[in-house]
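Keep the 3D view open as you read.

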Amino acid sequence: MDAQEIIGRRVARELRTGHLVNLGIGIPTLVANYVPSDIKVFFQSENGLIGTGPIPEQGMAHPLLTDAGGRPISALPGACTFDSAMSFGLIRGGHVDVTVLGGLQVDAEGHLANWMIPGKMVPGMGGAMDLVSGAKRVIVAMQHAAKGKSKIVSKCTLPLTSSRTVDLVVTDIAVIGFPDGKATLMETAPGVTVAEVMAVTEAELVIPDTVPEMKI
Amino acid sequence: MKAISLEEAVAMIPAGASVMVGGFMGVGTPERLLDEVVRQHKTGLVLIANDAATPGKGVGKLFDAGLVSRLTASHIGLNPKAQQQMLANQIAVDLIPQGTLAERIRAGGCGLGGVLTPTGVGTTVAEGKRQIEIDGKAFLLETALRAQFALVHAFLADYLGNLAYALTARNFNPVMAMAADTVIVTAEHIVPVGVIAPDHVVTPAPLVDYLIANE
């Protein structure tokens, strides 16, 4: 199982029937592929759709039915559409139960930086700041390290996405939560030891007495 | 509402005008109006749009033609030309959170001076803005946005100018149709009054100043 599949499968286990869920671009998008069949959730696409379905069959794409990246998607029975003010009313208003977002850095207190690298990447924040500020639960789905550097850092050096901290971080080797506001190792991926996670994590992690293995 | 030609509609827009353009990554954008803006070479536009789309598509065409002097948007990451123009200081860019953009435009269209939003508190977005505490929670005061023109794309327009939208092509169109001095609309289908049932009208006819007539 590759890193992205581990992350996608583990995040999917956080979803519950009836949840309204917004998935960011990249690894978070993959989560939809791994939702257990007995769990029925509503996926929101912030360009104005609840009830996002899979990529359409060949020849079935509609130019006016796309995801937030402008790519063709389908809509499931019961889907509904709305304008951008409504879409972000849902997001900021606490109506979105879970958002899953990518990350550049998460720090020891749970702050997320995921929208710019000064001087290098200035794409704009899109909906990320609203999602982190307003969703009931924020889950970050990202690789534990990039180019050998830990993305779980003591303090974010990149511009923050929100002053609100995230609830859970799922990486290819660990699940990290923030009980008492401190990064805490909740689970390790199959075949990965606590010591191995600590060795590649810049932030100081709270290590509980028992750290279960990730169920994927 | 008055039905006019593309050429007449775009001729009303002076160089340097502020223009809101509906659409999200080029979906739900009035492409024919933008093609005509490029043809008439309207320079120095102050553009308000969700994003910069991609080269050759939606508002991306305005960057291809170098017609934008200032952009207010939430995301430009998928248009390398817009990024280059920003980094070369050819265009001034205000990047603002997407929900804040939608609400600022909504406020502009609804007679509000602005909105209070938690989005951006404690980030670079808060710089230079008033922070207001209500019941112990911090909010940013984000002021209303309006423009001289809104270029809107609908799925259906009836003979009076009532509008309905399709699927994810609705996005910023209805909010922008409230927030500009002059609203110009293209529609995929122009239909008799009554085809859009009263309950299904999203943008009421009195908001529409000009509808681009079929050729």
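Start with the place where the chains touch: chain B brings 36 residues to the contact and chain A brings 32 residues. Bear in mind that this is a predicted model. On the side of chain B that touches chain A, two elements give two or more residues, namely helix H5 (98-109) and helix H6 (173-176) of chain B. Of the elements there, H5(B) gives the most, with five residues. What kinds of residues does chain B show to chain A on that side? Here is the split by class.

| Class, side of chain B that touches chain A | Residues |
|---|---|
| Nonpolar | 17 residues |
| Polar | 16 residues |

Now zoom out to chain B as a whole. If you boxed up its C-alpha atoms along the principal axes, you'd need roughly 55 × 40 × 30 Å. Of the 215 residues in chain B, 54% are buried. And if you take the contacts in chain B between residues at least 6 apart in sequence, 71% of them join residues at least 24 apart.

Next, pick out one residue, B:Ile196. You'll find B:Ile196 in the loop between strand S11 (180-191) and strand S12 (210-212) of chain B. Is B:Ile196 buried or exposed? The cut-off for buried is 20 or more other C-beta atoms within 10 Å. B:Ile196 has 21 C-beta neighbours inside 10 Å, so B:Ile196 counts as buried. Who does B:Ile196 touch, leaving aside its neighbours within four places in sequence? Its contacts are B:Leu156, B:Asp158, B:Asn162, B:Ala164, B:Val191 and B:Val201. As for B:Ala150, it sits 46 residues from B:Ile196 in sequence, and their C-alpha atoms are 22 Å apart in space.

Finally, hop over to chain A. There, three strands make an open sheet with mixed pairing, in the order S7-S6-S11. Strand S7 (112-113) and strand S11 (152-153) of chain A are the edge strands, each pairing on one side only. Strand S6 (residues 105-107) of chain A runs antiparallel to S7(A), and two bridges join them. To see a bridge for yourself, click on A:Gln105: its bridge partner in S7(A) is A:Ala113.

Methods:
Residues numbered from 1 in each chain as written. Chains lettered and ligands numbered in written order. Predicted model: local features only at pLDDT ≥ 70, side-chain atom pairs only at ≥ 80, totals over all residues. Buried ≥ 20, exposed ≤ 12 C-beta atoms within 10 Å, placed from the backbone. Contact = placed C-beta atoms within 7 Å. Helix = DSSP H or I, 4+ residues; strand = E, 2+ residues; numbered from the N terminus. Nonpolar A, V, L, I, M, F, W, Y, C, P; charged D, E, K, R; others polar. Pairing = 2+ DSSP bridges.
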